[in-house]
Amino acid sequence: MRLEGIHHVSAITADAEKNFNFFTKVLGMRLVKKTVNQDSTSSYHLFYADAVGTPGTDMTYFDIPMAGRTYPGVSSISNTAFRIMSEEALDFWQQRFTELGIEQDAIEDRFGRKTLAFQDQEGSRLQLVVDDGKGIPYGVPWVREDIPEQYAIVGLGPVTLTVRRAGSTVDVLTSVLHFKEIGSYPSTVEGMPDIRVFSTGEGGPAGEVHVETRTDLPAERPGRGSVHHVAFRIKSMDDYDRWEEWLRSQGFMTSGLVDRFYFKSIYFREPNGILFELATDEPGFATDEPLESLGESLALPPFLEPRREQIEASLRPLDI
């Protein structure tokens with residue numbers, strides 16, 4: 001069994017309207033699903049992706065208006081990257097962020113690739129990474145007039161896990177999830193070990209997890225802008241049950257098999273407390289909406305549809 005890369009990353013917003021504006025109007029991603037948190041249906045769950053909702057391109061946010069600030073630390077997913085197709089595109093984004101007043105760092109080389117770290121208005125720690133196209137294929141650009149197609153975001157890149165002791169997390173990635181360690185690069189924090197890089201699937205940024213050791217930090221206190229979990233791709237439905245059996249056999253308490261309708265999932269925590277999800281590529285976001293109108297109305301999976309009136313009454317109006 002092999003995981004095929006990052007499936008999605010889910011984070012927290014305290015302001016869904018500003019979140020929508022940032023990901024669609026600043027980053028040029030498409031809202032492909034406006035639905036609810038299936039575990040707390042009074043909260044929206046927004047999915048931003050490429051033009052067609054390709055697995056591995058979607059960043060999702062749970063809308064929790066009362067969420068406080070995030071205090072960064074260990075046992076966290078501390079950075080989420082997005083892929084772009086060239087260094088020329090990176091220059092475009094650097095200029096765009098400057099014009100729009102987006103907080104950003106200088107362009108840096110990380111693991112042999114040019115990158116640009118930036119934040120949204122809630123402190124989500126994000127990054128653009130140049131992908132040469134030799135690994136997991138690009139997604140389908142969502143074209144906007146102000147973002148040329150060749151500069152568009154084409155999927156998720158690496159996620160960075162920040163932990164106090166890397167050994168147990170590395171064991172899960174390699175021995176349980178079958179990632180391969182492919183190298184490392186220097187930490188930006190003096191005295192800290194190199195950041196280690198692990199890869200799965202066809203490789204490239206979309207198949208990577210970077211593990212950062214930080215012995216100088218407390219545990220993260222999550223809030224708005226923090227990442228809730230990362231999901232990895234199960235490409236074949238035939239492997240879904242097998243992954244659940246495998247995780248159980250390795251001593252993990254899992255969520256069991258969870259049907260999210262748009263994909264099927266298994267959740268578990270690795271020893272440093274970070275929540276992992278394994279999610280199937282199928283059936284996808286166009287299951288209940290036409291491709292051309294994805295995200296335009298409130299979508300509910302069939303098992304929540306009988307409660308639509310009650311759910312809609314519990315949701316605050318959303319001006320997006």
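Glu17, Asp63 and Arg316 are linked in a network of salt bridges, a salt bridge being a side-chain nitrogen of Lys or Arg within 4 Å of a carboxyl oxygen of Asp or Glu. The structure holds 21 salt bridges. This is a predicted model, in which local features need pLDDT of at least 70, side-chain atom pairs count only at pLDDT 80 or more, and totals for chains, interfaces and linings use all residues. Residues are numbered from 1 along each chain as its sequence is written, and side-chain values use heavy atoms, with hydrogens and water left out.

**Asp131 and Arg83**
- Asp131 forms a salt bridge with Arg83, with 3.0 Å between the closest N and O atoms.
- Asp131 lies in the loop between strand S8 (125–130) and strand S9 (156–163) and Arg83 in strand S5 (residues 76–84), so the pair ties together parts 48 residues apart in sequence; helices (H or I, at least four residues) and strands (E, at least two) are DSSP runs, numbered from the N terminus.
- Asp131 is buried, at 1% relative accessible area, and Arg83 is buried at 2% (buried means under 20% relative accessible area, exposed over 50%, partly exposed in between, with a 1.4 Å probe and protein chains only).

**Asp146 and Arg96**
- In the salt bridge of Asp146 with Arg96, the closest N and O atoms are 3.0 Å apart.
- This pair links distant parts of the chain, 50 residues apart: Asp146 is in the loop between S8 and S9, and Arg96 is in helix H2 (residues 87–100).
- Asp146 is partly exposed at 33% relative accessibility, whereas Arg96 is buried at 9%.

**Arg196 and Glu181**
- A salt bridge joins the side chains of Arg196 and Glu181 (2.8 Å, N to O).
- Arg196 belongs to strand S11 (residues 195–199) and Glu181 to strand S10 (residues 180–185), 15 residues apart.
- Arg196 is partly exposed at 28% relative accessibility, and Glu181 is partly exposed at 40%.
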